[in-house]
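Hello,

Here is the structure I promised to pass on. Please have a look at it first, and then read my notes below.

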Amino acid sequence: MDLLEYQAKSLFRQMAIPILPSQRIDNPADLKGLKIPYPVVLKSQVRAGGRGRAGGIKFVENTIDAVAAAQTIFNLPIENEYPQVLLAEAKYNADQELYLAVLLDPVARRPVLLGSRQGGMDVEGSIEQMQQVAVDQEFSPFYARRLTLKMGLQGDLIQSVSTIVEKMYRLFVEKDLDLVEINPLGISPTGEVMALDGKVTANDEALGRHPDLAALSENRLLGGLARERRSLHVPGDRPHSHSKVQQSPEFDPKSQSPISNSESLQLIELDGNIGILCNGVGLTMATLDAVTHQGGKPANFVNMGSLERYDAANALRDRADLGLELAAQDKSVKVILVNILGSASKTEEIIAAVAGYLERKARANRHIQVVLRLVEIDADAVKKRLGQLPVQLASTLDEAAAASVSSVK
């Protein structure tokens, strides 16, 4: 379950992670009673990334402009989701923006700390700066400090950012979370640190131990119904992304589900020979880092985002098929590393997509290999299903990265 930004920041506040003064906005009229001095930033509260590029974040200087901007944002769908809430937040002048995350590797059964000196909207282009530290023993401040040193931070920033990482990890453990992300962590000219945006993913299986998070889940269902009703009355096309997007000419659009026709997957091109298909920014960054650590060179990566939004029949299978096509359209790509974390039903769709894709490539006499890392699968059953197709199964991220690099060599 992905929390909205204002919900994530509520958890940050509980952990004394510094956040800006903010106010929840349920309708444009609420801005007439805004308690935060202008200028402020209005943020669409949806679960999709890329809100700024899509027009869901606007800076305003006065009440008249704020009301007009709020009306626009409330009627702006981002990846087919209309916001039910906006967040009004004080403006902050950051001299530097970092990326920080704590995520769970469910196969290795250990948390991973991620950090980059380049955060914000361009974090996906900061692959070379993304650092990773696996927490393989009882957590201590050593792990947080090690991450900051690998990030190349100096002086007082080592201590201040380490403290943020420690608090993120404590939140991660206490709430049984799958992901805690701050992107960006703003650094002021005086060295003050501030969580300017945040993402939290709760573990659905652990909600019984956390009534506060379970209540947010119920609110999400009610909000989803409201969004569905609203979408019947408020027309609007999904804004075009400014990121580089490519679609394979070999992909048959007739086989796409409605969600596939309305959205485009983003292909970020690099200089290498290993294609990468993942879900989620944190997992994508960790996968790229693992491949590089093994001596490999990623050719590109496709981030499918949250799997939960692919609810229509065959939607996830079609999107995964398109992602594979995009990753392999560069003829230098010899191997595609598919690293997906999801439920058993979602995993079945991914396996079906990989099998169908490789069978189609074989008929077209295009030889390409896939390294597949999924969670909680019956490896023997999957191997039997895939038969003689060129697929290697991996149980951990490190194993998948090593197998990809080895296959290329």
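Contact here means heavy atoms within 4.5 Å. Among contacts in the protein between residues at least 6 apart in sequence, 69% join residues at least 24 apart. Please keep in mind that this is a predicted model, in which local features need pLDDT of at least 70 and side-chain atom pairs count only at pLDDT 80 or more, while totals for chains, interfaces and linings use all residues. Residues are numbered from 1 along each chain as its sequence is written, and side-chain values use heavy atoms, with hydrogens and water left out.

The protein has twelve helices and 16 strands; helices (H or I, at least four residues) and strands (E, at least two) are DSSP runs, numbered from the N terminus. Of its 409 residues, 53% count as buried, where buried means under 20% relative accessible area, exposed over 50% and partly exposed in between (1.4 Å probe, protein chains only).

Now the sheets. Strands of a sheet pair through backbone hydrogen bonds, either parallel or antiparallel. Two strands are taken as paired if DSSP finds at least two bridges between them. Four bridges pair β1 with β4 (residues 86-90) in the antiparallel sense, and Gln23 has Ala88 in β4 as its bridge partner.

Another open sheet has six strands, ordered β11-β13-β12-β14-β15-β16, with mixed pairing. Within it, β12 (residues 274-278) and β13 (residues 298-303) run parallel and are joined by five bridges. Cys278 stands opposite Asn303 in β13.

On to helix packing. The axes of α4 (residues 141-151) and α5 (residues 156-174) come within 8 Å and cross at roughly 125°. Residues making the contact include Pro141 and Leu147 of α4 and Ile158 and Val165 of α5.

For α10 (residues 344-363) and α11 (residues 379-386), the axes come within 10 Å and cross at roughly 30°, so these two helices are roughly parallel to each other. Here Glu348, Ile351, Ala352 and Ala355 in α10 meet Val382, Arg385 and Leu386 in α11.

Finally, which residue might you click on? Val180 sits in strand β8 (residues 177-187) and, at 0% relative accessibility, counts as buried. Its C-alpha atom is separated by 6.5 Å from that of Met168, twelve residues apart along the chain. Leaving aside neighbours within four places in sequence, Val180 is in contact with several residues, among them Phe12, Leu100, Phe172 and Lys199.

Best wishes

Notes: Axes are lines fitted to C-alpha atoms, for helices over the stretch in contact, and angles run from 0 to 180 degrees between N-to-C directions. Angles under 35 degrees count as roughly parallel, over 145 as roughly antiparallel, 65 to 115 as roughly perpendicular and the rest as oblique.
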